[in-house]
Amino acid sequence: MEETEQNVVPETPKRTDFEQRERVTAKYLKEMREALKRTKEPKKKEKELAPKKLELLVTIVNRHKAEFYQDLIQQFEVNMQMAMMARGTAAREILQILGLADNAKTVIFSVIKQDRIPDVKKALEEKFTTVNDGKGIAFTVPMTSVVGVAVYKFLTDNRKEVKEG
Amino acid sequence: MEFTHEVIFCIVNDGFGDEAMNIAKKAGATGGTIINARGSASKSAESYFHIVIQPEKEIVMILVPSEQRDAILHALYREAGLETPGHGIVFSLPVDNVIGMNKSVGAENK
């Protein structure tokens with residue numbers, strides 16, 4: 001029994017052991033942090049490379065305001081827009097009988113990146129409420145597929161990629 | 001993803017757009033947009049289904065809350081469908097990010 005108790009006595013070497021372990025763990029921690037950094041960076045790149053989803057933005061506005069809204073939407077990295085002549089049918093019978101109703105509308109189809117939708121939504125909402133006679137309706141339909149890399153690049157307005165490739 | 005609104009497309013022969021709109025209004029729609037278009041169905045399909053497809057068409061677009069969709073689709077199918085002179089084809093698409101419908105709708109979409 002006494003002998004075993006004597007064995008417990010050497011405490012000083014234990015301390016150095018502890019210090020050594022601390023040093024080792026610090027070294028490991030440093031290495032791990034560096035490794036984490038290395039793994040994080042390429043992940044970011046992957047995220048950037050993933051194809052962005054596209055949506056079809058449909059905007060219905062008065063015909064004489066069509067160009068204004070097309071220009072507005074174009075600011076949000078939109079490369080292709082189609083506008084077609086249409087007429088509205090909201091209830092204005094009395095005005096129509098008097099020949100005062102201006103129901104000429106334009107439907108604008110724009111292909112837009114999904115991540116730009118909140119911005120364009122905000123801008124359109126503001127213009128719909130503030131611009132005189134600029135009231136309109138807008139909504140988006142998600143696009144499920146696009147065929148062709150060049151077509152996708154064109155629709156996403158990715159000019160840099162197209163130049164390099 | 002939940003869609004609060006749907007857009008109903010109703011493709012009818014030229015001149016039946018307003019009639020389709022009236023039917024939709026009776027079923028609860030408030031307004032719509034009519035676009036002029038041209039059909040291009042194949043001749044063989046025309047003879048097979050015994051319908052004559054006149055090239056001049058009108059596309060009626062109606063944006064409605066999702067819960068109104070079924071009523072309007074049914075009404076259009078019954079009264080402006082393929083069996084009627086309008087030869088209507090009706091379908092709907094779910095849409096999101098709806099702007100400009102009215103104030104209560106805008107509050108829902110926040």
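Reply: Buried means under 20% relative accessible area, exposed over 50%, and partly exposed in between, with a 1.4 Å probe and protein chains only. The model is predicted, so local features need pLDDT of at least 70 and side-chain atom pairs count only at pLDDT 80 or more, while totals for chains, interfaces and linings use all residues. Residues are numbered from 1 along each chain as its sequence is written, chains are lettered from A and ligands numbered from 1 in the order written, and side-chain values use heavy atoms, leaving out hydrogens and water.

Me: Why does Asp119(A) count as partly exposed?

Reply: The side chain of Asp119(A) meets that of Arg116(A) in a salt bridge, with N to O at 3.2 Å. A salt bridge is a side-chain nitrogen of Lys or Arg within 4 Å of a carboxyl oxygen of Asp or Glu. Arg116(A) is buried because its relative accessible area is 19%. Asp119(A) counts as partly exposed because its relative accessibility is 36%.

Me: In which order do the eight strands close into a barrel?

Reply: Two strands pair if DSSP finds at least two bridges between them. The barrel has strands from chains A and B, and the pairing is antiparallel. The order is β1(A)-β3(A)-β2(A)-β2(B)-β3(B)-β1(B)-β4(B)-β4(A).

Me: Which residue of β2(B) is the bridge partner of Arg87(A)?

Reply: Strand β2 (residues 81-88) of chain A runs antiparallel to strand β2 (residues 33-38) of chain B, and three bridges join the two. Arg87(A) takes part in this pairing, and its bridge partner in β2(B) is Ile34(B).

Me: With which residue does the side chain of Arg87(A) meet in a salt bridge?

Reply: Arg87(A) counts as partly exposed because its relative accessibility is 26%. Its salt bridge has an N to O distance of 3.1 Å and ends at Glu58(B). The pair joins two chains, because Arg87(A) lies in strand β2 of chain A and its partner in strand β3 (residues 56-65) of chain B.

Me: How many salt bridges does a search of the whole structure find?

Reply: One further example is the contact of Arg69(B) with Asp70(B), whose closest N and O atoms are 3.0 Å apart. Arg69(B) is partly exposed at 24% relative accessibility, and Asp70(B) is partly exposed at 40%. Salt bridges that share partners also join Glu77(A), Lys113(A), Arg116(A) and Asp119(A) into one network. Over all chains, the number found is seven.

Me: What is the phi of Glu77(A), which is not a glycine?

Reply: Glu77(A) lies in the loop between α3 and β2 of chain A. Glu77(A) is partly exposed because its relative accessible area is 28%. Its phi is positive, at about 55 degrees.

Me: In which strand is Asn97(B) found?

Reply: Asn97(B) is a residue other than glycine with a positive phi, near 55 degrees. At 22% relative accessibility, Asn97(B) counts as partly exposed. In chain B, its place is strand β4.

Me: How many residues apart in sequence are the parts that Tyr69(A) and Phe128(A) tie together?

Reply: Rings of Phe, Tyr and Trp (its six-membered ring) pair if their centres lie within 6.5 Å; planes under 30 degrees apart count as stacked, over 60 as edge-to-face and the rest as tilted. There are three aromatic pairs over all chains. Tyr69(A) and Phe128(A) form a tilted one, at 5.5 Å centre to centre and 50 degrees between the planes. Because Tyr69(A) lies in helix α3 (residues 66-74) and Phe128(A) in helix α5 (residues 117-130) of chain A, the separation is 59 residues.

Me: Which three residues form one aromatic cluster?

Reply: Tyr69(A) is buried, with a relative accessible area of 0%. Phe128(A) is buried as well, at 5% relative accessibility. With one further ring, the cluster consists of Phe68(A), Tyr69(A) and Phe128(A).

Definitions and conventions:
Helices (H or I, at least four residues) and strands (E, at least two) are DSSP runs, numbered from the N terminus.
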